[in-house]
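Here's a quick look at how two neighbouring chains meet. Have the structure open while you read.

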Protein chains: 6
Amino acid sequence: MNERIAYVNGSIVPESQATISIFDLGFQNGIGVFERTRTADGDLFRLDQHLARLNASLTMTRIDPGMSMAEIKRVTEDVAARNKPLRGPDGDYSVGHYISAVPGGQTAIPGGQATVVIFTEPIPFKSWARAYLDGCHVVTPSIRQMPMNVIDPKMKTTSRIHFHLGRLEAQLVDPEAIPLLLDENGNVCELAGHNFFIVKNGTLRTPPGEAILRGVTRDATLELAQKLGIPAEETTFQVYDVMNADEAFLTTTTKCIMPCSRINGRPIGTGKPGPVVERLEKGWAEIYGFDFVEQALRHLPDRQAARPEPGLTAV
Amino acid sequence: MNERIAYVNGSIVPESQATISIFDLGFQNGIGVFERTRTADGDLFRLDQHLARLNASLTMTRIDPGMSMAEIKRVTEDVAARNKPLRGPDGDYSVGHYISAVPGGQTAIPGGQATVVIFTEPIPFKSWARAYLDGCHVVTPSIRQMPMNVIDPKMKTTSRIHFHLGRLEAQLVDPEAIPLLLDENGNVCELAGHNFFIVKNGTLRTPPGEAILRGVTRDATLELAQKLGIPAEETTFQVYDVMNADEAFLTTTTKCIMPCSRINGRPIGTGKPGPVVERLEKGWAEIYGFDFVEQALRHLPDRQAARPEPGLTAV
Amino acid sequence: MNERIAYVNGSIVPESQATISIFDLGFQNGIGVFERTRTADGDLFRLDQHLARLNASLTMTRIDPGMSMAEIKRVTEDVAARNKPLRGPDGDYSVGHYISAVPGGQTAIPGGQATVVIFTEPIPFKSWARAYLDGCHVVTPSIRQMPMNVIDPKMKTTSRIHFHLGRLEAQLVDPEAIPLLLDENGNVCELAGHNFFIVKNGTLRTPPGEAILRGVTRDATLELAQKLGIPAEETTFQVYDVMNADEAFLTTTTKCIMPCSRINGRPIGTGKPGPVVERLEKGWAEIYGFDFVEQALRHLPDRQAARPEPGLTAV
Amino acid sequence: MNERIAYVNGSIVPESQATISIFDLGFQNGIGVFERTRTADGDLFRLDQHLARLNASLTMTRIDPGMSMAEIKRVTEDVAARNKPLRGPDGDYSVGHYISAVPGGQTAIPGGQATVVIFTEPIPFKSWARAYLDGCHVVTPSIRQMPMNVIDPKMKTTSRIHFHLGRLEAQLVDPEAIPLLLDENGNVCELAGHNFFIVKNGTLRTPPGEAILRGVTRDATLELAQKLGIPAEETTFQVYDVMNADEAFLTTTTKCIMPCSRINGRPIGTGKPGPVVERLEKGWAEIYGFDFVEQALRHLPDRQAARPEPGLTAV
Amino acid sequence: MNERIAYVNGSIVPESQATISIFDLGFQNGIGVFERTRTADGDLFRLDQHLARLNASLTMTRIDPGMSMAEIKRVTEDVAARNKPLRGPDGDYSVGHYISAVPGGQTAIPGGQATVVIFTEPIPFKSWARAYLDGCHVVTPSIRQMPMNVIDPKMKTTSRIHFHLGRLEAQLVDPEAIPLLLDENGNVCELAGHNFFIVKNGTLRTPPGEAILRGVTRDATLELAQKLGIPAEETTFQVYDVMNADEAFLTTTTKCIMPCSRINGRPIGTGKPGPVVERLEKGWAEIYGFDFVEQALRHLPDRQAARPEPGLTAV
Amino acid sequence: MNERIAYVNGSIVPESQATISIFDLGFQNGIGVFERTRTADGDLFRLDQHLARLNASLTMTRIDPGMSMAEIKRVTEDVAARNKPLRGPDGDYSVGHYISAVPGGQTAIPGGQATVVIFTEPIPFKSWARAYLDGCHVVTPSIRQMPMNVIDPKMKTTSRIHFHLGRLEAQLVDPEAIPLLLDENGNVCELAGHNFFIVKNGTLRTPPGEAILRGVTRDATLELAQKLGIPAEETTFQVYDVMNADEAFLTTTTKCIMPCSRINGRPIGTGKPGPVVERLEKGWAEIYGFDFVEQALRHLPDRQAARPEPGLTAV
């Protein structure tokens with residue numbers, strides 16, 4: 001069979017039939033939590049870390065998935081394995097876990113019922129591959145980051161329309177721009193769906209893991225930096241520091257590490273991806289064993305001209 | 001046929017088959033807006049006001065439903081009419097509109113695609129009818145109201161897990177309690193899903209229509225008060241004022257007006273529904289033509305003993 | 001002589017020689033206050049109100065201009081009278097008062113010395129005339145309004161680079177856009193250098209005179225509305241209300257009343273100047289005796305085609 | 001010739017003729033940035049650091065000075081060299097760079113025109129020399145520090161009337177007092193125009209380089225402390241910590257390091273300059289090669305009696 | 001007997017023996033509420049309003065005084081009556097109610113034990129009488145008003161050391177100054193222990209009854225203004241408005257209405273008590289039946305010279 | 001004699017006669033500071049640290065106790081020594097210092113008069129001993145922590161009714177619950193009267209010593225951790241981190257270290273006291289020489305069954 005399958009509430013179904021009720025409280029009220037794990041050459045990368053964070057989100061929202069984390073892991077591996085052969089050339093998956101409340105099922109109470117969905121979605125490398133070469137553009141919207149005493153951003157909930165609202169504003173400046181959310185004091189927090197780093201005098205700086213999602217890829221990057229001997233700090237900073245940084249980049253599960261070359265229309269540093277980002281990208285391939293840049297670039301029509309063949313890395 | 005139908009993306013389907021894709025961005029990211037309109041004896045009450053607010057929510061989120069508000073109205077009336085015969089005794093519907101983004105459909109851009117769902121859901125009168133007699137209990141959680149510069153609460157979006165988080169805290173005090181959300185300065189905002197009023201020296205006070213959802217039932221209540229000669233103010237107030245109020249009540253589409261008799265374990269006024277609430281309830285029946293209290297009480301097993309037959313009103 | 005003159009520290013000098021020392025603390029530290037009054041057909045409009053506000057700014061900053069308000073008025077009238085003949089066709093002046101501290105002159109102490117500058121500057125009607133026809137575009141930057149407990153915006157000080165910073169962000173969206181500053185809670189405050197009004201259901205709404213400059217033209221507009229029987233409220237509101245308004249407009253000394261037809265790329269109401277703005281514009285000409293729209297449009301090359309001749313008003 | 005010269009917009013002019021137009025936007029709207037570098041025995045101290053910060057301020061405000069930083073450096077050195085012989089006995093200069101926007105010159109856009117002024121101003125040692133012996137008095141005004149999301153204090157802009165407003169309040173307590181600005185949470189930020197340090201148990205503490213100007217002298221002091229083996233922390237603290245500190249001092253370009261011996265009328269520590277400040281002062285002379293205390297004291301009439309001759313240092 | 005008596009926990013005792021345990025939680029932790037009512041010619045003025053507010057404070061803090069409000073009233077009248085003969089010439093009393101928790105007595109729980117103290121204290125007219133002639137001086141400290149979501153200032157609790165802290169700062173400027181507390185946004189709130197009014201263009205303005213104690217004398221003044229046809233608004237305002245007001249005054253139980261003639265060292269209006277304050281003072285005597293100004297001035301040694309005999313009023 | 005004595009304003013009196021005037025400003029206005037030191041087997045533990053903090057509180061509030069810190073120490077030791085023989089079996093004291101202002105005594109001015117009280121109070125081990133076995137329950141109230149720019153929590157003042165207000169809310173959830181106060185951004189601050197720690201992956205985390213009381217026991221615990229080789233950080237964290245911690249505990253003078261096993265009804269970690277807390281408890285006994293757990297458990301009727309005899313420690 002040629003269709004990917006998904007897990008929905010205890011059953012394996014073809015993706016095209018993977019649906020949830022219109023009465024689901026994840027759909028109706030955003031009462032849900034989720035994770036996105038990527039595959040590398042078809043294999044799950046850092047699944048345990050993603051499931052640990054999923055567990056923390058479930059704890060905070062008191063949603064009872066009705067199955068153990070071990071069961072969720074087993075099902076995830078099963079879904080990923082079944083769909084692995086269906087990847088396209090140079091393809092990989094973003095593996096989604098969505099767990100939401102349903103009405104009548106008081107999921108805050110033991111025994112309550114929840115919607116549990118696990119699926120694989122092809123990563124759209126083509127749509128963003130060019131940004132590995134050019135860097136992406138970040139823009140600060142007027143919308144502020146979600147405060148910790150409303151919906152703590154460390155929880156990965158499905159109530160995140162503020163990211164959409166920020167994106168609408170950023171895209172007024174540049175249709176490709178990604179919104180960089182500030183908190184009410186002007187501290188840089190996170191890009192919608194991505195963590196953010198700057199580089200100044202050879203040191204990485206990224207906001208503390210408080211008013212942001214503590215990204216698994218952010219952790220992977222901090223570990224990588226340590227292995228590569230690149231100093232890194234978790235510290236608050238502001239637009240001033242981004243404007244005057246040498247380099248900047250984002251991290252997220254599907255893109256791993258992607259350079260950010262402009263903020264609010266101005267170049268960051270030279271306005272091109274810089275040497276520290278490149279070192280991290282190469283180091284990723286060496287240490288984590290897959291070259292996400294090379295993989296993405298293969299999806300570009302003009303790939304060969306765009307970037308010299310890497311000599312160091314192999315998927 | 002005995003099953004209610006729903007409208008999902010252009011089709012009329014039986015409710016049990018009314019589903020949306022697991023890739024819907026309303027489900028995955030809370031990128032959706034909604035309304036809930038009630039029927040009174042099967043007929044839609046203040047549908048135009050609900051659709052006007054729906055339109056305002058769509059404007060702010062730039063979600064394009066792909067159909068005009070007139071079309072949405074027509075479909076709504078059609079769905080309500082088809083399901084009207086299926087109401088149970090003394091039954092009525094909460095009519096839901098949910099419009100959300102889907103991936104690939106850049107709904108912020110004309111021509112983008114959205115999920116549009118319209119359905120009728122029986123109002124669970126039985127679950128809250130007793131509170132018309134006893135009043136409900138409101139509890140202030142530590143979670144704060146959504147700020148206006150993050151997700152303006154005047155938009156009725158589906159990203160509202162903070163209401164769930166507040167409810168979890170309130171229910172630690174009393175499983176029946178409804179959370180009363182304060183803003184970061186301690187101003188009373190709204191109950192999760194309900195507007196809130198206090199009565200002091202014969203005057204209604206309700207928070208201004210700024211950091212809250214501007215409820216259609218809230219408006220109906222303010223209009224009703226004016227018709228009944230009850231003075232009313234939209235003004236900020238704090239827990240102090242609730243603790244020392246004569247009466248309090250909530251408003252919401254399905255419950256209309258419901259007395260609140262306790263806050264944080266303490267009685268408000270006498271700790272019983274008071275004369276102003278009663279006057280509003282009776283006035284509602286006279287002026288808007290349906291007696292929601294009487295209707296709800298009929299769902300109680302011990303209804304007759306609980307409350308004397310009303311003499312004044314008729315549905 | 002064909003050159004305009006200006007008053008600088010006690011002397012009347014040709015404008016081209018009107019300079020201040022590089023050591024002036026207005027230049028070096030923004031320790032200054034100012035006013036801008038317009039002429040209508042060469043005559044000063046509401047000068048007394050502007051000087052009253054200037055006096056309030058001097059009081060707060062304890063800058064002693066070394067001359068009485070009556071003297072300042074007399075000099076102003078003199079400067080305006082001398083330069084009146086030098087207006088171009090359909091021309092008028094923005095009359096500037098700038099009073100700043102100088103080092104060594106401890107202007108907070110009686111007897112201290114200040115820089116006092118009074119001049120006339122031709123109003124650049126041509127640069128904005130088209131916006132009377134099309135409406136202008138307002139954009140919300142991430143930069144926030146100056147808080148009242150830092151530099152109270154009711155003082156008209158020369159420390160206002162935040163307006164420039166907001167403008168830089170707004171112009172990323174549209175080079176013609178004017179920044180609409182929000183306070184830290186998301187309340188609409190003012191446009192950089194302009195007050196802001198919306199119209200909803202026939203009523204004007206403008207932010208309270210607290211966290212904004214209390215514009216003389218804002219006052220003139222509120223008085224005008226009262227004379228025309230247009231209800232008006234000074235009340236906080238948010239972007240939601242602008243997005244869903246029927247009309248919007250700005251007020252400022254040199255532009256008087258100018259329609260705002262878009263916010264963040266979206267049309268406000270029909271996206272065209274609306275009937276209430278037009279009524280205010282016409283009422284202004286009738287009651288205050290000059291038709292600023294007509295005057296501005298005469299500066300457009302294609303003026304005749306652009307707008308039907310007004311029948312009601314005369315300068 | 002006996003008059004100092006200054007650079008103004010491309011020309012070298014006598015200081016008495018160094019003026020700018022009354023239409024300059026630095027003068028009118030505070031749209032400008034600046035630096036102050038001091039000379040030590042006539043030679044520029046840490047000019048490169050000052051120009052680097054100037055460049056960062058220009059980047060943030062998008063003011064284009066129309067000349068490269070290298071050119072600015074060259075002109076600065078030229079101006080300083082020409083004026084060097086005109087210093088008085090024991091004299092030194094505060095070298096000012098002021099770059100501001102002019103109307104019509106859209107300095108945010110490449111090619112725009114700016115005002116560029118470079119000058120030398122004698123440091124008024126006499127006016128503050130005594131404070132090296134007695135320590136100065138800091139007072140907390142009710143005015144709050146400029147927030148980072150309005151005008152980030154890391155930019156050295158000319159919009160700084162809040163420092164003047166704070167000074168007015170502090171001087172009500174003591175005409176010599178310097179205002180110590182707190183942020184809205186009560187954190188100590190900076191003195192108007194100076195950075196602030198406390199000493200507790202032998203360790204220096206100074207607010208983080210976020211909501212303050214990152215002073216060049218602050219950096220010089222932190223480097224000096226490291227060389228002298230004095231531990232130092234960049235950390236938030238409050239009035240409580242100042243009140244209970246062992247010592248306190250300020251840093252600023254022209255005063256270098258000056259003890260602060262009182263806060264809000266109370267002694268800090270012994271109420272006299274303490275051993276750590278003295279060690280820093282002496283260390284400065286040894287390591288940076290000029291004894292700013294000795295130099296300042298020579299300007300006092302009663303210098304000999306006031307302080308024993310230093311044995312360790314020489315200019 | 002010549003000693004005043006007081007009520008302490010059920011007993012009438014001579015004032016010199018009126019003590020509480022060192023273990024009282026009012027003394028140890030500020031867990032107490034209080035009222036201060038004044039007598040006019042020995043009779044209690046507006047006792048009912050004071051007791052109503054006391055009751056509201058008890059409700060919020062859940063302190064159970066162990067006696068009904070009617071009993072408290074009866075005891076109060078008894079204490080006042082017994083001490084009435086002991087007033088000095090032109091003397092009156094501040095009658096204090098203090099109710100606090102004691103350890104072991106869980107006063108939040110019905111049946112808990114509290115300390116109840118009721119006493120009369122001679123009003124020290126002499127110490128402030130001169131300010132009726134000269135006006136008092138208000139100074140804004142850096143300390144902020146107590147926020148509503150910490151200890152709501154509408155409760156009259158005994159935890160009020162912030163007033164003392166503000167007073168310490170104000171007295172650095174002037175030993176007679178009274179601190180004017182601002183909230184964190186710079187809104188004028190209240191003087192330590194007094195409400196505050198300004199007069200502008202004949203209208204009274206006083207902060208809304210939200211983030212302040214809702215003074216009984218403030219209410220009496222608002223009622224008085226209404227009777228005298230003086231318009232009044234409850235509205236937020238800032239230091240700017242005080243600096244530019246025509247007059248200002250404070251209200252408090254023992255001083256009734258007292259002019260404020262200076263703020264932060266600057267005159268308010270003419271810097272003398274103005275006509276509106278005078279009208280209120282005279283109106284008070286006429287309508288409430290006692291001339292508090294006249295009474296206070298009689299305590300001044302140089303009373304006759306200080307103020308012309310009033311012709312209008314009689315006690 | 002069998003009654004404990006106390007020191008009150010210069011005299012040693014039996015505790016039952018230890019009283020203060022009802023006019024004391026500590027009682028009436030919370031204008032006081034205090035300390036609580038414990039004895040261990042009758043001897044004062046870390047008295048110097050407590051007196052140093054008392055001195056800092058006196059400095060901030062400018063209350064002059066009228067005696068030196070050395071005298072206070074001497075009196076304290078005397079009081080403790082006299083009462084030592086009166087301890088019960090396994091008993092110890094909480095030694096209280098309370099210093100407050102009295103009216104007429106302007107304690108901010110040298111020479112002013114203050115109330116000084118020093119006493120010993122038996123520690124009620126029995127009331128909380130069980131929590132060493134089960135852990136206590138912490139609950140987040142809606143009331144917020146006292147801000148640093150109102151009454152800095154680093155001062156130990158007697159104005160602390162907000163702790164009582166928080167306790168009232170927490171006890172709605174569980175009569176044994178202790179309130180965990182959050183600041184307005186949602187950061188965990190302190191329990192009412194206790195500091196708070198979490199343990200994650202073997203590292204202690206406790207909020208920085210800024211917006212909290214810097215507990216002497218908190219310091220003792222951090223020193224202990226260092227001696228035991230347990231890593232510890234002073235860092236902000238939120239409810240999310242507590243919910244997902246491995247262990248949590250509180251510190252306070254009388255309880256030393258006590259496990260916290262639940263937050264808002266949910267178990268922390270296993271919901272039982274964990275190994276790190278136990279290691280700290282045992283380490284305390286070894287290093288500081290008294291086993292507070294063992295001592296407390298001896299006050300339980302069922303002590304033997306509850307916990308195995310410790311082998312390691314001895315008092």
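What follows is a short tour of the contact between chain E and chain F.

Keep in mind that this is a predicted model. The contact draws 50 residues from chain E and 50 residues from chain F. Together the two chains bury about 4,100 Å², with 68% of that on carbon and sulfur atoms. On the chain E side, the residues that give up the most area to chain F are Ile22(E), Phe27(E) and Ile161(E), together 18% of what that side buries.

Salt bridges between chain E and chain F come to zero.

Quite a few elements of chain E each put at least two residues into the side touching chain F: strands E1 (5–8), E3 (19–21), E4 (32–40), E6 (93–101) and E7 (114–122), plus helices H1 (25–29), H2 (47–61) and H6 (161–173). H6(E) brings the largest share, six residues.

Here's how the residues on that side of chain E divide up:

| Class, side of chain E touching chain F | Count |
|---|---|
| Nonpolar | 25 residues |
| Polar | 17 residues |

E3(E) runs antiparallel to strand E3 (residues 19–21) of chain F, and three bridges join the two. Which residue of E3(F) is the bridge partner of Ser21(E)? That's Thr19(F).

Terms used
Residues numbered from 1 in each chain as written. Chains lettered and ligands numbered in written order. Predicted model: local features only at pLDDT ≥ 70, side-chain atom pairs only at ≥ 80, totals over all residues. Heavy atoms only, no water. Contact = heavy atoms within 4.5 Å. Buried area = accessible area lost by both parts, 1.4 Å probe. Salt bridge = Lys/Arg side-chain N within 4 Å of Asp/Glu carboxyl O. Helix = DSSP H or I, 4+ residues; strand = E, 2+ residues; numbered from the N terminus. Nonpolar A, V, L, I, M, F, W, Y, C, P; charged D, E, K, R; others polar. Pairing = 2+ DSSP bridges.
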